[in-house]
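Colleague: Please put the model on the screen. I would like to go through its architecture by question and answer.

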Amino acid sequence: MRGILLVSHSTMCVGVKDSLEMIMGPQEVVDTISLGEDGVESFRAALEDKISKMNETFDEIIIVTDIPNATPYNECFRYIRKHEVDYAVVAGMNLAMVIELAIFSQTDMSTEDLVNQAMETGKTAVKKL
């Protein structure tokens, strides 16, 4: 079973999860963690704890961050390197992408195909009127 971890500066990830659940109902496979004013060291420890707890439930974790190469993304990358795990990390979080991940996360679709599909959905959801 796959888990989805939304990671962002401040509470963006919480808002995305709240919106996801408003549309789709409760999402037990989706969790969040935010980089707040407590700083990077506190965030790093909380991230380690969050992923460790998710590892008890899920075989795979897809991590979705807000901005590529920013602190939440970099700390997720650091975690993966340190623990030598093979998690998918996607940057550029938007609601359409997260809905796609939630819908298909528990199917037999490969993680790579799922992430690619969610990224495409995220891109196509950006429109100019």
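This is a predicted model: local features need pLDDT of at least 70, side-chain atom pairs count only at pLDDT 80 or more; totals for chains, interfaces and linings use all residues.

Colleague: In what order do the 4 strands of the open sheet stand?

Modeller: The pairing in this open sheet of 4 strands is parallel. Strand 2 (30–35) and strand 4 (88–91) are at the edges, each with a single partner strand, so one side of each lacks a neighbour in the sheet. Neighbouring strands are turned against each other by 20° on average, direction ignored. The order is 2-1-3-4.

Colleague: Which residue of strand 2 stands opposite L6?

Modeller: Strand 1 (residues 2–9) is paired with strand 2 in the parallel sense, over 6 bridges. In strand 2, the residue opposite L6 is T32.

Colleague: What angle does the direction of helix 1 make with that of strand 2?

Modeller: Helix 1 (residues 12–24) packs on the sheet, where its contacts are with strand 1 and strand 2. Between the direction of helix 1 and that of strand 2 the angle is about 155°.

Colleague: At what angle to strand 1 does helix 3 run?

Modeller: Helix 3 lies across strand 1, strand 2, strand 3 and strand 4. Relative to strand 1, helix 3 runs at about 140°.

Colleague: Which residue of strand 4 stands opposite V64, and on which face of strand 4 is that residue, covered or uncovered?

Modeller: Strand 3 and strand 4 are paired in the parallel sense over 4 bridges. In a regular strand, side chains alternate between the two faces of the sheet. In strand 4 the uncovered face has V89 and A91, while A88 and V90 make up the covered one. The residue opposite V64 is V90, on the face that is covered.

Colleague: Is T65 buried or exposed?

Modeller: T65 lies in strand 3 (residues 60–65). Leaving out residues up to four places away in sequence, T65 touches V7, P72, Y73, C76, V89, V90, A91, G92 and M93. The cut-off for buried is under 20% relative accessible area. T65 has 0% relative accessibility and therefore counts as buried.

Colleague: How many charged residues does the contact of helix 2 with helix 3 have?

Modeller: From helix 2 the contact takes in V40, F43, R44, L47, E48, I51, S52 and N55, which meet T71, P72, E75, C76, R78, Y79, K82 and H83 in helix 3. By class there are 7 nonpolar and 4 polar residues, and the number of charged ones is 5.

Colleague: How many nonpolar residues are in the contact of helix 1 with helix 4?

Modeller: Helix 1 and helix 4 (residues 95–104) pack at about 55° with axes 10 Å apart, and their crossing is right-handed. Helix 1 contributes V16, S19, L20, I23 and M24, and helix 4 contributes L95, V98, I99, A102 and I103. The contact has no charged residue and 1 polar one, and its nonpolar residues number 9.

Colleague: How are helix 4 and helix 5 oriented to each other?

Modeller: The axes of helix 4 and helix 5 (residues 111–124) come within 7 Å and cross at roughly 150°. Angles over 145 degrees count as roughly antiparallel. Helix 4 and helix 5 are therefore roughly antiparallel.

Colleague: What separates the C-alpha atoms of E37 and S10?

Modeller: E37 is in the loop between strand 2 and helix 2, and S10 is in the loop between strand 1 and helix 1. E37 counts as exposed at 86% relative accessibility, whereas S10 is partly exposed at 46%. The two residues are 27 apart along the chain, and their C-alpha atoms are separated by 8.0 Å.

Colleague: What is the phi of E84?

Modeller: E84 is in the loop between helix 3 and strand 4 and counts as exposed at 72% relative accessibility. S10, not a glycine, has a positive phi of about 50°. E84 is likewise a residue other than glycine with a positive phi, and its value is near 50°.

Conventions: Residues are numbered from 1 along each chain as its sequence is written. Side-chain values use heavy atoms; hydrogens and water are left out. Contact means heavy atoms within 4.5 Å. Helices (H or I, at least four residues) and strands (E, at least two) are DSSP runs, numbered from the N terminus. Ala, Val, Leu, Ile, Met, Phe, Trp, Tyr, Cys and Pro count as nonpolar, Asp, Glu, Lys and Arg as charged, and the others, Gly among them, as polar. Buried means under 20% relative accessible area, exposed over 50%, partly exposed in between (1.4 Å probe, protein chains only). Two strands pair if DSSP finds at least two bridges between them. Axes are lines fitted to C-alpha atoms, for helices over the stretch in contact, and angles run from 0 to 180 degrees between N-to-C directions. A crossing is left-handed if the near helix is turned anticlockwise from the far one by less than a right angle, and right-handed if clockwise. Angles under 35 degrees count as roughly parallel, over 145 as roughly antiparallel, 65 to 115 as roughly perpendicular and the rest as oblique.
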